[in-house]
Amino acid sequence: MKDYYQKEVNQIAAKQKQFSDCFCFAVVADTHLDNSMGDTLENLQAVSECVRVDGLVHLGDFLNGSFPRDYTYLILNEQMALFQDCIRPFYPVQGNHDGFSDLTKPFSPNMALDEDWYAAISYLEQNPEAHLQKNKPYYYVDVPEKKIRMVFLCTFFYQCDAEN
């Protein structure tokens, strides 16, 4: 681990210990398939080894948007697997670059759709507390013992009308 990351991990661990009985999630965003993915996963793992982490939330933008549908599906599934292996449970949120996001281009029959996102997060169906709606980029998860409902929303409205 790089020294500057180790210093930050140590600071997080020291601060979190005073809240050891709280519900604690690691949160990341905008990983965008860049060359820092290895560092990101290593840092998340280091934090989870120092403090109790109840889960991981990714706030979206796993991808860079507007890739062909086959490639998007393949890469998105690879990204999901990497994060699931890092910290569980893992809760992803669809970002504006996680499907077709170049609205300056005409509709493409090869663009990634809600169905592709839903397929990538279908592993959540194994969690009885997760409530997904078929082919929708939003869901909620209940944590009854903590009396918490977590709602995960995609705020980028990108639905296209093939005729317009």
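Student: Which residues form one aromatic cluster here?
Tutor: Phe-23, Phe-25, Tyr-91, Tyr-139 and Phe-152 form it. Rings of Phe, Tyr and Trp (its six-membered ring) pair if their centres lie within 6.5 Å; planes under 30 degrees apart are stacked, over 60 edge-to-face, the rest tilted. This is a predicted model, where local features need pLDDT of at least 70 and side-chain atom pairs pLDDT 80 or more, while totals for chains, interfaces and linings use all residues. Residues are numbered from 1 along each chain, and side-chain values use heavy atoms, without hydrogens and water.

Student: How many aromatic pairs are there?
Tutor: The count is nine. One of them is Phe-23 with Phe-25, edge-to-face, 5.0 Å centre to centre and 70 degrees between the planes.

Student: What about Phe-62 and Trp-117?
Tutor: Their centres are 6.0 Å apart and their planes at 50 degrees, so the pair is tilted. Phe-62 lies in the loop between strand 2 (55-58) and helix 3 (69-86), and Trp-117 in helix 4 (residues 114-120), so the pair ties together parts 55 residues apart in sequence. Helices (H or I, at least four residues) and strands (E, at least two) are DSSP runs, numbered from the N terminus.

Student: Is Phe-62 buried or exposed?
Tutor: Buried, at 0% relative accessibility. Buried means under 20% relative accessible area, exposed over 50%, partly exposed in between (1.4 Å probe, protein chains only).
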